[in-house]
Amino acid sequence: MRITIFSESSADEAALKILVEGILGEKVEEEPRKNKLRSRGFASVENELPVVIKSTYYNTDADSLIVVYDSDDEPVHEKKHYGNEAEKCRLCFLQRKISEVVKSLKPRPERNSLKIAFGVAVPAIEAWYLCGTKIPVGEESWKRKLKGEKVGYDRTSLKEEIYGVRPFRQKQIETAIKEAKKLAQNLELLEEKFPEGFSIFANEIRSWKQ
Amino acid sequence: MIKEIRYKNFKALRDATLPLGRFTLIVGANGTGKTTAMQVLKLVGEIDADNISKFLSKGLDIETNSIEIEIVWDNFSLRRTVSFETDVINHGLDENRNVVGGSNGSYINSLKSFFKHEKESEELRSFQNFSFDPEEIARTVRINNKKELDSNGGNLAGILDFLKDTEPELWKELNDELGRWLPEFDQILFDRSDDGKSIVLRTRFGKHKIKASDLSHGTRLALAFLAVSYLPNPPKIVAFEEPERGIHPRLLENIQEAMYRLAYPENYGEKREPIQVIATTHSPYLLDLYKDFREEIVIASKDENGVHFERLSEMPNIDEIIQDAPLGEVWFTGVLGGVPAQL
C-alpha cells in the first residue's frame, strides 16, 4: 500500500508510518518518498487540507492519505458531537472538511478512490507514546484537565517526558520511532485510552484491508 | 526577452530547462540550482575570447566533458546555441581547471557568431544579478563617473546622486515613493566629504539626518530596491536573489512592486523598454503575493536526475488543487515540490 502522511513534524511523520504499519500488519510505502508533506499547524488546516487531498488524489498514485493533528487545548471529541459538530473540536472539523473535499473530487477512471484516515492526538502525539506508563494520559483525563482539574501532566510536560528539554530534531525523530514501535505492539490500550482520536482512526485504516 | 534557458552539465543543472517571462519568481529548496541558473547568464554575458576558460572552470563538472547552454528568445527566429565542447579528454585541465592546450578556437567562433545578434548579446552583457549587502549599500562612494549599481548594492550613493542631477522628475518620484515605503523618511540627501559621498535619509518629523551607516539593514535594502526600480537605464535583464532577505514581510508588496515596475513599465506610466526580471525566493510571504500570477512562478526541484524547473501554471490540475488557497501555505505543504528533501 502506498500512503501519504500529512502531519505537523518530521518526528510525527516517522511515528505515524510505524503506527499505520502496526495497524495494518504490513509494510507500507510512502509517497512522496523524499519531499514529504508538512503542515504549518492547525491554524492553516482550512487552506492546507483541501490542497493536500486534491494533490494526492489527482497527481499521485498514493492509495491512502493519513492526516493527524494535535488537539492542543481545544475540546476533546465526544460521541455526542456526531451530527452536531462541536465548536473548535478538531476532529469534527476534519470530518466535515474532508467530507466536503472528497465530494468535490472529480472521477479519475485510472485510479481507485483515495482512502483517508484522520486522527487527533489528545492533546499531542506524545500522549500516545506515554500510554501505559505511570502518567495517566488519555482523552478522559485531558477532558478533566480542560475543566481545570489537575491530572499530572500538561502539553509541555508530555514533550519533556518524551524528548527532554529542547531536543535536537534527530533525537526527536529517533525517539518517536522507538515509541511508535513499542505502541504498535500494544494498540489495544492506546485505543482504550484514546477512543475517539486514535481508535476511530485505527478502525478506518483496518477497514482498508477488508 | 529570453523565453527559456536550457542547461546541460552545468553543475547541478544536468539537463534542465528554465522557462522565463517578463517576470519570473523561482521558488525552491536550497541547492536546487536557482543561483546556478543565474550564474550562467552572468558568465555567458561576460564571455569573450580571453575568459572562456573562466566559464569552463566555473561550470565544469569533473564527470563531464561538455557544457551546453541554449538561450532561446521569444522573438528570435533562429535559436542560437551557445555550446562549448571542452574536449577535456584530449586536452585535460590544469590545476586551475582551465582547458590545457589553447584549443578553444571553435568555441570562440561559435561565440562570435552568437554575438553578431547585437540586441540579444547586449541584453546578456548588461545582465545584473543583485544580491544586496547592507554594508556595501551604506559605504561611502568615491567621486567617480560610474553610473551602474554594483550587484551587491555598492555605488548606491553614486547612482542616486547621478539620478538627482540628471533626472529631476524621476528623483522626485523616487523620494515620494520612499515616503510611502518608509513613512518616517521624506528625502534622500548626501553627505559629502574628502572621502567621497554617502547617503543620508531625512526624517519626516524633526528633519533629522540619519547617515546610511546608522540606518537599519532593512531600510538600506529597501532603499537599494527602490533605487533599482527608478534607474533611467537599468540593465536589460536583472535578477534578485532572495529579495525578502532583511525585509519585513509587510514591506514585501513594495519589493514586488519595484520588480514589477522594471518588468511592466507601461503599467507605471513609464516609456522605457520592459526589463526582464528574475527573482528567487524562499519566502512564503512573498509567494503569497503572486496568487493571481501563477504563470510567473517557477518551482525548482531536485531528484536523482538533477534539477527540474516547472512553471506553476503548467503543473497538472493546478487550478483545481489550489483554488483560493494562499500560495505560501500551499508551497510549504510540499504538494508543489520545491521543498527540502528528507531521509
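Student: What share of the 343 residues of chain B counts as buried?

Tutor: Buried means under 20% relative accessible area, with over 50% called exposed and partly exposed in between (1.4 Å probe, protein chains only). In chain B, 54% of the 343 residues count as buried. Bear in mind that this is a predicted model, where local features need pLDDT of at least 70, side-chain atom pairs count only at pLDDT 80 or more, and totals for chains, interfaces and linings use all residues. Residues are numbered from 1 along each chain as its sequence is written, chains are lettered from A and ligands numbered from 1 in the order in which they are written, and side-chain values use heavy atoms, leaving out hydrogens and water.

Student: How many helices and strands does chain B have?

Tutor: Helices (H or I, at least four residues) and strands (E, at least two) are DSSP runs, numbered from the N terminus. Chain B comes to 13 helices and 13 strands.

Student: In which order do the three strands of the open sheet in chain B stand?

Tutor: Strands of a sheet pair through backbone hydrogen bonds, either parallel or antiparallel. For DSSP, two strands pair if there are at least two bridges between them. Here the order is β7-β8-β9 in chain B, with antiparallel pairing. β7 (185-193) and β9 (209-211) of chain B are at the edges with a single partner strand each, so one side of each has no neighbour in the sheet. Eight bridges join β7(B) to β8 (residues 196-203) of chain B, and F185(B) sits opposite T203(B) in β8(B).

Student: What about rings: how many aromatic pairs are there over all chains?

Tutor: Rings of Phe, Tyr and Trp (its six-membered ring) pair if their centres lie within 6.5 Å; planes under 30 degrees apart count as stacked, over 60 as edge-to-face and the rest as tilted. A search of the whole structure gives 20 pairs. Take Y57(A) and Y58(A): their ring centres are 5.0 Å apart with the planes at 70°, so that pair is edge-to-face. Y57(A) is buried at 7% relative accessible area, and Y58(A) is buried at 9%. F132(B) and F240(B) make a tilted pair, 6.4 Å centre to centre with 55° between the planes. This pair links distant parts of the chain, 108 residues apart: F132(B) is in the loop between β6 (128-130) and α6 (134-138) of chain B, and F240(B) is in strand β10 (residues 237-241) of chain B.

Student: Are F132(B) and F240(B) buried or exposed?

Tutor: F132(B) is buried, at 11% relative accessible area, and F240(B) is buried too, at 2%.
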